[in-house]
Amino acid sequence: MLNYLKTPAASRRDTLRVAAGGFGMLALQGLAAKPAAADTTTEGSLSTKPPHFAPRAKNVIFLCMGGGPSHVDTFDYKPTLNKRNGESSPVGRNRRGNGQLLGSPWKFNRHGDSGLWISELFPNLATRADDLCLLHGMQTDVPAHPQAFLALHTGSSQFVRPSLGAWTVYGLGTENANLPGFVSLNPPTSQGGPQNYGSSFLPAITQGTPIGRGRGRRGGSLTVENIKNERYATPAQRRQLDFVQKLNAAKLQRDVDNDPVEGMIESYELAFRMQADLPEVLDLNNESAATRNAYGIDDSETEGFGRQCLVARRLVEAGVRFVEVTAGGWDQHFNLTQALADNCRSIDKPIAGLLADLKKRGLLDDTLVIWTGEFGRTPYAQGDDGRDHNNKGFTSWMAGGGVKGGFSYGATDEFGYEAVEGKVHTHDFHATILHLLGLDHEGLTYEYAGRDFRLTDVHGRVVEEILA
Amino acid sequence: MSQSVRIALCGVCLAAVAGSAAIEADAQDRSRDGARLRAILERLAGPADRGQAHDPDAPVEGEIDLTEARDHWAFHPPVVETPEVVRDRRWARDDVDRYVRAALEEEGLEPVGDADRRTLGRRLWFDLTGLPPGPEELDKFVDDPAADDVAVGRLVDRLLASPHFGETWGRHWLDVARYAESTGKEANVFMPLAWRYRDYVIASFNADKPIDRFFTEQVAGDLLDAADDTAAAEQAIATGFLALGPKSQNERNSEQYMLDVADEQIDTVGRGMLGLTVACARCHDHEFDPIPTEDYYAMAGIFLSTDLRAGLPFLQNARRGSRALRLPEDADVPLGNTLNPEQVRRIRDRLDSSADASPSSNPAARIVRTAIIQNDKAKLELYDNDNRPRKLAAGVKDRLRPADTAVRVRGEPDKPGDLVRRGFLQVLTDEPRPEIARGQSGRLELAEWITSPGNPLTARVYVNRVWGHLFGRGLVETPDNFGIMGFEPSHPELLDYLAVWFTENGWSTKALIKKLVLTRTYRMSSDYTAANALSDPDNIYLWRMSKRRLPAEAIRDAMLAVSGVLDRRPAEGSPVYTEAGQTRSAERFGKLERMAISDHRSVYLPIVRAQIPESLEVFDFADPNNVTGDRPETSIPSQALYVLNDERVMELAEKFADRVIAMGMSDARSVEYAYRLALGRPPTRGEQALTRAFLVDFARTQGSAASPEIVPRTTTLRTRGQAGRFADRFRGRFDRRPESAEPSTTNPRRDATVAFAQALFATAEFRYLD
C-alpha cells in the first residue's frame with residue numbers, strides 16, 4: 001500500500017508544515033516577510049499523487065439525475081412491458097395489491113453501429129450511442145430519496161462518509177492547484193445537502209466546492225459570489241492573508257489537533273488562488289457560437305443544463321479532477337408523460353454536445369462521464385401517469401475514460417423491475433469508477449478512529465466486463 | 001473500541017455488514033459496546049431478521065409486529081437509573097457529571113481540567129445569547145472575586161434573562177420548524193405574515209414558556225381556551241408552525257395539494273417533536289419504522305380536518321391560495337413595518353388606473369402587468385378599506401366538518417381505500433384510538449398525546465436538542481430521528497435521566513440549560529490529550545468540551561457587534577411583510593439582496609426559500625425545506641471569499657477600525673483593544689509584535705506611490721454584476737442604515753488598521769469556541 005494512503009492527522013499536518021513553499025512553512029517558521037506571488041504553488045494536500053496502477057481516466061464528470069429517472073422509458077427497452085400494458089403487475093408485490101403495468105409511451109429504436117436501444121426521448125444523445133456503456137443491472141439498497149442519494153454519493157445511507165469526489169481527490173490530488181479538485185455545480189440542499197460533496201473524516205480540502213445556487217434545479221446561475229476583491233490588489237491581499245494565516249497557524253498549534261481549522265487554513269489558500277483562475281474558467285463568452293449551440297445554450301429549454309455541461313468541460317480542461325453536475329426533478333410519481341419528456345429534452349442536447357466536444361478535444365479518452373439517478377422507477381403505474389421508486393433494477397451509463405463504447409451490460413427482468421443479470425450495486429459502481437481512475441477500492445483507505453475506512457466499506461466488485 | 005461498533009448499533013445497518021471480519025472482530029470486544037453488538041448480531045441471526053425490513057416487498061400490511069417493534073429503546077418510557085458511583089467523587093458537580101464520568105471511566109478516558117473563566121465566559125455568552133461579550137463585561141466576570149460556582153451562576157442567570165437568549169434559542173427552534181417567509185418549490189410565493197410566528201417563538205423562549213405548553217400551542221393553539229384577546233391572538237399565531245412549510249402553490253390538483261400540505265405537517269410534527277419520520281408511511285408501511293400506513297392516515301385525518309390559513313394569494317401561476325387568520329381586533333399585537341395609508345392609497349390608485357388601461361399588445365408587457373396587478377391585489381389584502389393594516393396571521397384552524405379520512409392507495413389522491421379513525425401512532429401506545437371531541441379536528445388530542453408524560457419520545461427528543469446545541473453533538477447523534485434508522489444514545493442513562501428531570505421541572509428550557517451549563521462537563525476546557533484522542537477522536541464520551549464553530553448567525557452578529565453597529569432592538573416585522581406574490585421578480589431586480597441589508601440580528605433577516613442571505617447561506621444555515629436538528633458544517637473556499645472580499649464585511653471592518661482608532665490609545669493599547677473586542681482576550685506578546693509589524697508594513701507599502709495597492713472604494717465597489725448594481729443604485733433610497741463615511745485613501749495608517757480589523761474577522765478563532 002502506498003504511504004500517503006494511510007496518513008493520520010498528525011503526520012498530515014507535518015507534511016503541511018514541511019511542504020516546500022507551503023504556507024505552513026511560511027506561517028510556522030515566520031518567513032513571511034516576502035509575500036508569495038499570486039501564482040504561488042502552495043497547493044497543500046491537493047498536490048498530484050500517483051495512482052495505484054495505470055489509470056484509464058484522469059477526470060470525472062458526474063451527471064447526477066436527482067429524483068430517479070425512469071429507465072424503462074429511456075434506456076431499458078422492454079417490449080413485454082409494452083405488450084402487457086394495463087395488466088396487473090406480476091412483479092413488485094405491493095402492500096395493497098399490485099399496480100398495473102405501464103408500458104412506455106415512447107418508442108425505442110436501435111442506434112449507432114452498436115445498435116443500442118435508446119428511446120425517442122433522447123434523439124441527440126442517441127447519435128452518441130457508440131460512446132455509451134449502458135449498465136442495465138443497477139441496484140441500490142433503499143428506495144427512498146435521501147438514503148439512496150447519499151448512498152450514491154458516499155456509499156453510506158446512514159453515516160456521514162466522504163463523498164466519491166472527495167475520495168478521488170484524496171487518492172489522486174488534482175492538477176490545477178488554483179482550482180478546487182472537486183467542484184459540484186448547483187448541488188441540491190436537500191437529500192443530505194452538503195454531505196453529498198462532503199469530506200467527512202478525509203482532509204477538508206478534498207470536499208467539493210459548490211458553485212451556483214441552483215439547488216439541483218436546472219438553470220441556476222454559475223457565478224461565484226465575492227470572487228473578486230474590489231479593495232486590495234493582489235500583493236496587499238496576500239499580505240493581509242499571510243497575517244490571518246499566521247494567527248490561524250498559531251491557533252492550530254495551540255489546539256494540537258483541529259481538523260476543521262486545518263481545513264479552513266487550506267480553504268483560505270485555495271480561495272486566494274481561485275480568484276485568479278476561476279472567473280476565467282466560468283466565463284463562457286469566449287466559446288464559439290458553434291460550441292454554445294452544440295450545448296444548447298441558445299435555446300431556453302436547454303440553456304441551463306447546457307451551461308453546466310460546458311462549464312464542466314472547461315473545469316476538467318483546466319485540471320479539475322472531479323466535476324458533478326446535478327439536474328433534479330426526475331421524481332415522476334405523476335405527470336410522467338409531460339414531465340419526463342421535458343426533463344429529457346432539457347438534458348438531451350447538452351449531454352450530446354458535451355460528449356461530442358470532449359471527443360473533439362481529445363478529452364473523452366481521459367474523462368469518465370457518468371450518468372445516473374439514485375434509483376430507477378417501477379414498470380407498474382402509480383396513478384394513471386406515474387411511476388414509483390425502484391431500487392431493484394435501473395440503468396446508469398458511463399462514457400469515455402476506459403469503458404467500452406456502444407456496449408450494454410446486465411439486464412432487468414422482462415418488465416424492467418429487477419436486475420437479473422450483470423447486477424451492479426452502488427458499491428460495485430464505486431469500485432469500478434475508482435478502478436478506472438487507477439485506484440484500488442480496497443487499497444484506498446483512510447485510518448480513522450482505529451479502523452481503515454473505504455468508500456466501498458467491505459463490499460464492491462470492479463465490473464471488469466465493461467472495461468475497454 | 002472502533003467506530004464501527006459505536007455507531008453501528010442499528011439492526012438494519014448491521015445486517016448489511018454482519019459476517020464481515022471487522023464486525024466479527026468488534027463483537028469480540030469486551031466493552032459495553034461489544035456486548036451490545038453481540039446482542040444485536042444474535043437478534044439478527046434469529047428468525048425476526050430486521051435486515052429484512054430493507055426489502056420493500058417483504059412486509060405486507062398488517063405484518064408490522066408492533067409488540068416486537070416496541071422493543072426499540074426509544075419507544076420505552078425513560079427510566080431513571082441511579083448513576084454509578086465513580087472513582088473521583090469530587091469531580092461531579094451534578095448528577096449529569098456522574099453519568100458522564102461513569103462512562104468515561106468505563107472507556108478508560110481521563111477528563112481534562114476546567115476551562116479558565118475567560119474561555120468559559122466567551123462560551124457562555126455565545127451559547128446563551130449568540131453574541132460575543134463586550135471586553136468590559138467579560139473582564140467583570142473574569143475578575144469577579146466570588147467563588148467560581150457563584151460567579152458562573154450569577155452570569156448564567158444574567159444571560160438567561162437577556163432578551164438575546166430568546167433570539168438565539170428561538171432560532172434553534174426555527175431550524176426545526178423549517179421557518180421561512182416564502183413557499184419555496186417552483187412557484188415560490190412570499191408569505192408576508194410569517195414573521196409573527198418568528199416573534200412568537202422568540203418571545204416564548206424569553207418567557208421560558210414550558211415546552212409542553214409551547215408544543216401544544218403550535219399544534220392546537222386555536223383550540224385552547226384563551227385568557228383574553230391578546231392570548232387568543234398569540235395562540236393563533238403559534239399555529240403558524242403548521243402553516244409555514246414548503247408548498248407547491250402551482251399544484252393543479254387541489255386534493256393533491258391538501259394531501260401534500262397535510263403530509264408536510266405530519267413530517268414536521270413527527271420529526272420535530274417526536275423524532276420520527278412518520279411521513280414515509282404515506283404510500284406504504286414505513287420501510288424501517290413500525291408505522292403502518294393506517295397510522296399515517298389516522299394522523300392525516302387530523303390535518304385534513306384542518307384548514308390552512310397561510311395568507312397566500314391566488315395567482316395565475318400559483319392558484320393554491322389561502323386566506324389569512326384574522327386576529328381579534330382588540331388583541332395587543334405588534335403592528336410590524338406596515339405600509340402607511342398613503343402608500344396603500346397609491347397602490348389602490350395604481351390598480352384602479354390599470355383596470356381602465358387597454359391591454360398591451362406586447363405579450364411580455366402583458367405578463368409583467370398581470371404580475372403587478374396580482375401582487376398589488378395581494379398586498380391590499382393586508383389592509384382594510386381605510387388603508388389601515390388588518391391584524392392578520394398565518395396559521396390554521398379547524399374545518400367546518402372535521403372527518404376521518406381514507407387510506408390513499410400508494411398515496412394517490414384518487415384511490416381512496418378504507419376509512420381510518422383519526423388517531424396517533426400505535427407503536428407508542430397500546431391504548432385504543434382516542435376519543436376526539438365532536439366537531440373538532442383532533443389536533444388538541446394530538447397535542448395532549450405528544451406532551452403527555454407517558455409519551456416516551458417528546459421529552460427525550462427535546463432535551464437531546466438542547467444538549468446538542470450546548471455540546472456540539474446530541475447524546476443521540478440523529479436529533480430528528482429516534483427511530484430504527486436513528487443512532488442509539490451515547491449515554492442512554494443520562495438521556496433518560498434528563499428527560500425525566502425535564503418533565504419533573506416544568507418542561508423549563510431555562511432551568512434545563514442552567515442545569516447543564518453549571519455542570520463540570522460543560523465547564524471543562526477543550527484541551528487536547530493524545531491518549532484520549534486516539535480512542536475517542538470525536539469526543540463522544542465527553543472527555544473535554546468539543547471545539548465548536550459558531551453558527552452562521554453568531555458569526556454575522558459578532559461582526560456587527562464588534563464593529564459597534566449592531567442594532568440590538570428586535571426588528572419590526574420583516575421586509576417580506578411589504579411584499580406579495582412570487583419572489584421571482586424581486587430576485588431579478590436585486591431586491592432580495594437589498595432586503596437582507598440590515599444592522600439587526602440575523603434572526604430578523606428575511607428568510608426566503610432558495611434565497612437565503614449570503615451572510616448566512618455561506619456558513620451552513622439550516623435548509624428551511626427540512627426539519628433541521630443539526631446543521632452541516634463545511635469549510636469551503638466560499639467562506640474565505642466571503643470574509644475576505646464581501647463588500648459588507650469590508651464596511652464592517654472599517655467601522656471596527658474606526659471604533660478602535662477613536663479610542664485614541666497608544667499603538668500597543670489599540671492592538672490589545674481590538675483583540676479583546678474580536679476574540680475576547682488580549683493578544684499574546686508574539687501576536688502583539690506580529691500585528692504591529694503588519695500594521696507598519698501594510699501602511700508603508702500602501703504609502704508608496706509607485707504602486708497603490710489599495711483601490712479607492714468609491715470607484716470600484718460597484719461592480720458585482722447586475723443584481724449588485726441594482727442593489728447599489730437603490731441602496732441610497734431604501735437602506736435606512738446611514739452610509740459609512742467614505743474611507744480616506746490618503747491615510748495609510750487607517751487603511752492598515754482596516755486590513756487588520758478584517759483579518760481578525762477572518763481568523764479561525766473569531767468563529768470557533770474553545
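What percentage of the 770 residues in chain B is buried? Buried residues account for 53% of them. This is a predicted model. Its scores are ipTM 0.87 and pTM 0.85.

**Chain B overall**
- Chain B holds 36 helices and eight strands.
- Take the chain B contacts with a separation of 6 or more: 72% of them join residues 24 or more positions apart.

**Confidence in chain B**
- The average pLDDT of chain B is 86, and 84% of the residues score at least 70.
- Residues 1–18 of chain B have a pLDDT below 50; the model still gives this stretch 60 contacts beyond near neighbours in sequence.
- Residues 43–62 of chain B also stay under 50 in pLDDT. Beyond four places in sequence, the model has 36 contacts for them.
- Where pLDDT is low, predicted coordinates should not be read in detail.

**Helix 16 of chain B**
- Helix 16 covers residues 293–304.
- Its 12 residues should span 16 Å at 1.5 Å a residue, and the end C-alpha atoms agree, being 16 Å apart.
- Helix 16 is largely enclosed by the rest of the structure, because 12 of the 12 residues are buried.

**Helix 30 of chain B**
- Helix 30 runs over residues 647–661.
- For its 15 residues, 1.5 Å a residue predicts a span of 21 Å; the end C-alpha atoms lie 21 Å apart, which agrees.
- Buried residues here include Val649(B), Met650(B), Leu652(B), Phe656(B) and Val660(B). Glu654(B) and Lys655(B) are buried too.
- The packing partners of these buried residues in chain B are helix 25 (552–563), helix 29 (637–645), helix 31 (667–679) and helix 35 (748–762).

**Strand 5 of chain A**
- Strand 5 spans residues 182–185, and both of its faces are covered.
- Phe182(A) and Ser184(A) are buried on one side; Val183(A) and Leu185(A) are buried on the other.
- Strand 5 pairs with strand 7 (residues 322–327) of chain A in the parallel sense, over four bridges. Here Val183(A) stands opposite Val323(A).
- Strand 5 also runs parallel to strand 6 (residues 209–211) of chain A, joined by three bridges. Ser184(A) has Pro210(A) as its bridge partner in strand 6.

Conventions:
Residues numbered from 1 in each chain as written. Chains lettered and ligands numbered in written order. Predicted model: local features only at pLDDT ≥ 70, side-chain atom pairs only at ≥ 80, totals over all residues. Buried ≥ 20, exposed ≤ 12 C-beta atoms within 10 Å, placed from the backbone. Helix = DSSP H or I, 4+ residues; strand = E, 2+ residues; numbered from the N terminus. Pairing = 2+ DSSP bridges. Expected span 1.5 Å × (residues − 1). Contact = placed C-beta atoms within 7 Å. pLDDT = per-residue confidence, 0-100.
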